[in-house]
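Let's take a friendly walk through a protein model together. Have the structure open beside you, and look for each spot as we come to it.

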Amino acid sequence: IAKATATLGIDNYQDSVEYNGSAVTVTPTVNGAVASEGIVNVTIAYTADGSEAVTVGEIRNAGSYTVTLQISGALNYADASQEFVITVTRAQLTVTTANTSFTYDGSVKGIDRLGVSLSGAVAGDDVSAVIDRVVSGEEPAELKNAGSYTVTYRLEGAAAGNYTIAE
């Protein structure tokens with residue numbers, strides 16, 4: 001009697017999920033097995049971005065993760081292995097500038113004077129917006145003299161890699 005072939009899968013598998021601060025749940029499934037028999041030798045290995053071994057609870061930050069399911073040494077089933085890639089994409093944040101109009105007073109306007117706020121971040125995440133570049137016309141500038149400026153922001157903080165600024 002030849003060993004049966006079982007197919008490995010992940011329950012509710014999604015190859016791409018947006019970062020939300022929660023760990024991605026990985027529940028292996030075995031199809032093609034006799035219902036009354038349990039295949040107890042299913043092993044799961046996780047790697048992040050192709051090299052670093054991680055645990056299931058660590059699949060939460062933006063990046064690419066490979067989940068490898070494997071059956072080996074089962075009495076009635078052939079050895080099998082299946083890889084799944086789960087990509088956690090960056091969530092988008094909205095940057096709002098409350099104060100956009102000033103009267104010249106000789107001082108440089110910093111981020112504190114602009115009233116910058118972020119929306120869309122997971123509560124408790126360490127992420128903030130800082131001024132990346134100020135341009136007047138085509139030239140880099142300070143927010144000081146009379147005129148019109150374009151201000152771009154970048155994200156900083158331990159969780160900044162999980163986010164992008166919405167356009």
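Start at V95, whose bridge partner in β9 is L118. Strand β8, residues 91-97, is joined to β9 by four bridges, and the two run antiparallel. Two strands count as paired if DSSP finds at least two bridges between them. Strands themselves are DSSP runs of E with at least two residues, numbered from the N terminus.

Before we go further, a word on what you are looking at: this is a predicted model, in which local features need pLDDT of at least 70 and side-chain atom pairs count only at pLDDT 80 or more, while totals for chains, interfaces and linings use all residues. Residues are numbered from 1 along each chain as its sequence is written, and side-chain values use heavy atoms, with hydrogens and water left out.

Now widen the view around β8. An open sheet of three strands has the order β9-β8-β13, and its pairing is mixed. At the edges lie β9 (116-119) and β13 (163-165), each of which pairs on one side only. From one strand to the next, the twist averages 35°. For angles like this, axes are lines fitted to C-alpha atoms (for helices, over the stretch in contact), and the angles run from 0 to 180 degrees between N-to-C directions.

Next, turn to the charged side chains. How many salt bridges does a search of the whole structure find? It finds four. A salt bridge here is a side-chain nitrogen of Lys or Arg within 4 Å of a carboxyl oxygen of Asp or Glu.

One of them joins the side chains of D132 and R154, at 3.3 Å from N to O. This pair links distant parts of the chain: D132 sits in strand β10 (residues 128-136) and R154 in strand β12 (residues 150-156), 22 residues apart. R154 also forms a salt bridge with E156, where the closest N and O atoms are 3.0 Å apart.

Are these side chains buried or exposed? Buried means under 20% relative accessible area and exposed over 50%, with partly exposed in between (1.4 Å probe, protein chains only). D132 has 43%, so it is partly exposed. R154 is partly exposed at 35%, and E156 is partly exposed at 35%.

Finally, find D105, K109 and R113, which are linked in a network of salt bridges. Within it, the side chains of R113 and D105 meet at 3.9 Å, N to O. R113 is partly exposed because its relative accessibility is 34%, and D105, at 46%, is partly exposed as well.
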